[in-house]
Amino acid sequence: MKSALLDGCYSLYRCSLGWGAVVADAGGLVAALLPFGEQTKEAIKSDIAGHWPEIGEGSGTAAQAATLLAAYFAGDKVSFDLPIDQSRFTEFQREVYAAVSAIPYGSVRSYVEVAAAVGRPAAARGVGVAMATNRLPIIIPCHRVIAKSGHLTGYSATGGLDSKSWLLKLEGVELCDKFRVHRSLQ
């Protein structure tokens, strides 16, 4: 899926898990590629070139986000207060992503709770679709959204549920088994 970016650039970061990258354009952040899957620096660059052939490595918002993501993966509690290009989002996605971005570090909410937070209590499946199409994982922390039962469901980033579980544990969320949040956190 190629898409043109106005004044776009990317910035790479390295952490204990490997290489990741952030893509931005003049409007703000566009995509985050996570370091799961042991991708090489060259593979990340090739992935970026396949999606956005017109951009090169740069600075600014992409570099700031890359620095914050490297700190996040090192275990630091960081805040991603950076501009996001919302021009490709639907109004529903904007509302859902704002609600999800408000979930505190180390906390979780269910799809039902997020739907209620945006004033659409019957739209839990729609929240799930918005999470599945989130191109800014961690920055828009979709890993903090779980099933009402406490089970981890759906994670479209590399590594799937194993990655989601890892991220929640990094933030100190207690899991009672590999893919279920401890009942006291629900």
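Buried here means under 20% relative accessible area, exposed means over 50%, and partly exposed lies in between. Keep that scale in mind for this tour of a predicted model.

**Stop 1: the main core**

Select L69, F73, V96, M131 and I138. In the largest nonpolar core, which has 43 residues, these five touch the most other members. Three strands each supply at least two residues: β1 (9–15), β2 (18–25) and β3 (28–33). So do the helices α2 (61–73), α3 (91–101), α4 (111–117) and α5 (124–132). Which helix gives the most to this core? Select α2, which contributes 7 residues. In soluble globular proteins, nonpolar side chains tend to be buried together.

**Stop 2: around L69**

Centre the view on L69. Ignore its neighbours within four places in sequence. What remains in contact with L69 is Y13, V22, A32, F80, I138 and I139. Of these, I138 is also one of the residues that touch the most other core members.

**Stop 3: another core**

Next, select A21, V23, L33 and I44. They are among the 12 residues of another core, which lies apart from the largest one.

**Stop 4**

Turn to the charged side chains. The structure holds 6 salt bridges. Is D85 buried or exposed? D85 has 11% relative accessibility, so it counts as buried, because the cut-off is under 20%. R88 is partly exposed, with a relative accessible area of 38%. D25, D85 and R88 are linked in a network of salt bridges.

**Stop 5: a pair within α3**

Select R94 and E91. Their salt bridge spans 3.5 Å, N to O. Both sit in helix α3, 3 residues apart, so about one helical turn separates them. R94 is partly exposed at 28% relative accessible area. E91 is partly exposed as well, at 48% relative accessibility.

**Stop 6: a link between loops**

Finish with R144 and E171. Where do they sit? R144 is in the loop between α5 and β6 (145–146). E171 is in the loop between α6 (160–170) and β7 (175–177). The two residues are 27 apart, and the pair links distant parts of the chain. Their side chains meet in a salt bridge at 2.9 Å, N to O. R144 counts as buried, at 7% relative accessibility. E171 also counts as buried, at 7%.

Notes. Residues numbered from 1 in each chain as written. Predicted model: local features only at pLDDT ≥ 70, side-chain atom pairs only at ≥ 80, totals over all residues. Heavy atoms only, no water. Core = buried A, V, L, I, M, F, W, Y, C linked by side-chain atoms within 4.5 Å. Buried < 20%, exposed > 50% of the residue type's maximum accessible area, 1.4 Å probe, protein only. Helix = DSSP H or I, 4+ residues; strand = E, 2+ residues; numbered from the N terminus. Contact = heavy atoms within 4.5 Å. Salt bridge = Lys/Arg side-chain N within 4 Å of Asp/Glu carboxyl O.
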